[in-house]
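Here is my note for you to read with the sequence and the 3D view open side by side. Please follow each point on the screen as you go.

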Amino acid sequence: MRNRLTVASLAAAAAAVVAVSLTPVRVAGQAPQAQASAAVPASRAPDGKPDFSGFYQAPVGAERGPRFSPSKMAPFKPGGEALFYEMRNGDPFHDEPRDFCWPSGFPWGFLAPYPVQIVQTPQFMVMVHEFQRLTRIIPLDGRPHSAKVEPSYGGDSVGHWEGDTLVIDTTNYKRWGLDDYHYVDPTKNRMHSDAFHTIERISRNPNGLNWQITIDDPKIFTAPWSEDFLMRAHPEWAKDGLFEFVCQENNRCPAGKCGDGK
Amino acid sequence: MKTFGLVRAACIVGLLAATTLPALAHHSFAAEFDRAKPVKLKGVITRLEWQNPHIWLFVDVTGDDGKVTNWGFSGGPPGLLTRRGVNKETLKVGTVVIVSGFRAKDGSNNASGGSVTFEDGRNVFTGSAEDAVPNR
């Protein structure tokens, strides 16, 4: 793991230089019309792959909050619905672990409408999300999933290119929150199981990146299903980069207990 | 501590306020604040904590009886606010402000603070991302 991180960080630094130098190109290439963008090849990495390096943000707003759409979902298996919708029970840690600075993981945290920076190298796709500094370092060298690691909040990801589309396969998740459904219904959390498996297909869009997430959760659904998100490009954020986000720094009201600690 | 004798610790409660959607912060808004208890308070900034995961703004509010109460208001994370043009200079100690938000669930003198209005009428969103989205 140490070698992997070291290689990643070195490669990331090198790619960051490339990314910065390419930023003006991307700004110029972001013509408002899809037709114009299609006619002008988007920037490519030195290895010929599409260059996804840059700053993006998940969808924000009433229609597309950080959650999946019921209309996209496959039917439940028997018992699946009870696994999917977990009632909030009044225990603050159960109901909102992020209130205690626990991670949101993937895809829950990743869909939060904060900036995400992608740094691309031939060996790794590095994604750093400002929210909770959720970091994904996805190997692209063809390695299989690791057989030895414990389940985690972000799962174990491996990626490969299919033409100009990056495909990321992730397994070995802990059972955890799926998305921010509780804004729709504050009585429930929406969860994925420990059999959760995701497949992401990422490709260029004139306004950013098309990000298709396929949800394969055989303990909950009868079939895999997919939803497409637009990760909107924000080249104007490159000059400042990501800001630090340390949840523990001044987390004043965990579980609503603010007290008088002024 | 200077106070300007302004003020009014009144809660302005109404359906309009209730339609303001909660902040998307590092947690569900509902974990800490009560949407059924909107507050709108005028006072003087006494302290600013420009820290993650939420900035905190402290305001001395003088009630009708002359008693001064210090209220805490939780805003968005510093990074999101900085990108929106809100910074430490925006919320200087000594500035008179009207802050709107929702009270803490524990009933203490703390609240979310999504909107700050200055004496000259300028208004800034100090909440998190979704506060600033139109039609939310």
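1. Let's start at C101(A), which is found in the loop between α4 and β3 of chain A. Helices (H or I, at least four residues) and strands (E, at least two) are DSSP runs, numbered from the N terminus. Phi of C101(A) is near 70 degrees, a positive value in a residue other than glycine. C101(A) counts as partly exposed because 17 other C-beta atoms lie within 10 Å. The cut-offs go like this: 20 or more other C-beta atoms within 10 Å make a residue buried, 12 or fewer make it exposed, and in between it is partly exposed, with C-beta atoms placed from the backbone.

2. A quick word on what you're looking at: this is a predicted model, where local features need pLDDT of at least 70 and side-chain atom pairs count only at pLDDT 80 or more, while totals for chains, interfaces and linings use all residues. Residues are numbered from 1 along each chain as its sequence is written, and chains are lettered from A and ligands numbered from 1 in the order in which they are written.

3. N172(A) isn't a glycine, yet its phi is positive, about 65 degrees. With 18 C-beta neighbours inside 10 Å, N172(A) is partly exposed. For background, most residues other than glycine have a negative phi, and most peptide bonds are trans.

4. Now for the cis peptide bonds. One joins F106(A) and P107(A), with omega about 0 degrees. P107(A) sits in the loop between α4 (92-95) and β3 (115-120) of chain A. In chain B, the peptide bond from N52(B) to P53(B) is cis too, with omega near -5 degrees. Look for P53(B) in the loop between β1 (33-49) and β2 (56-62) of chain B.

5. Is F131(A) buried or exposed? F131(A) is buried, because it has 28 C-beta neighbours inside 10 Å. You'll find F131(A) in the loop between β4 (124-129) and β5 of chain A. Leaving out residues up to four places away in sequence, F131(A) touches G109(A), A112(A), Y114(A) and F245(A). A contact here means that two C-beta atoms, placed from the backbone, lie within 7 Å. F245(A) is 114 residues away from F131(A) in sequence, but their C-alpha atoms are 6.4 Å apart.

6. Time to step back to all of chain A, which has four helices and twelve strands. Nine strands form an open sheet in the order β5-β4-β3-β1-β12-β11-β10-β7-β6, with antiparallel pairing. At the edges stand β5 (135-139) and β6 (156-162) of chain A, each with a single partner strand, so one side of each has no neighbour in the sheet. On average, neighbouring strands of this sheet are turned by 25 degrees against each other, direction ignored. Two strands pair if DSSP finds at least two bridges between them.

7. Eight antiparallel bridges join β11 (residues 208-216) to β12 in chain A, and Q212(A) stands opposite D228(A) in β12(A). Strand β1 (residues 54-57) is joined to β12 (residues 225-233) by two bridges, again antiparallel; there, Q57(A) faces R232(A). Between β7 (residues 165-171) and β10 (residues 197-205) of chain A there are five bridges, with R201(A) as the bridge partner of V167(A).

8. Chain A also has an open sheet of three strands, in the order β2-β9-β8, with antiparallel pairing. Its edge strands are β2 (85-87) and β8 (176-177), each pairing on one side only. Two bridges link β8(A) and β9 (residues 188-192), and G177(A) stands opposite M191(A).

9. What pattern does chain B follow along its sequence? The pattern is α-β-β-β-α-β-β-β-β, from two helices and seven strands. Buried residues make up 44% of the 136 residues in chain B; in chain A, they make up 34% of 262.

10. Finally, the largest nonpolar core has 57 residues, and I118(A), M125(A) and V59(B) have the most contacts inside it. Such a core is a set of buried Ala, Val, Leu, Ile, Met, Phe, Trp, Tyr and Cys residues joined through C-beta atoms within 7 Å. Among the residues that M125(A) touches are I118(A), I138(A), L140(A) and L166(A).

Key
Axes fitted to C-alpha atoms, helices over the stretch in contact; angles between N-to-C directions.
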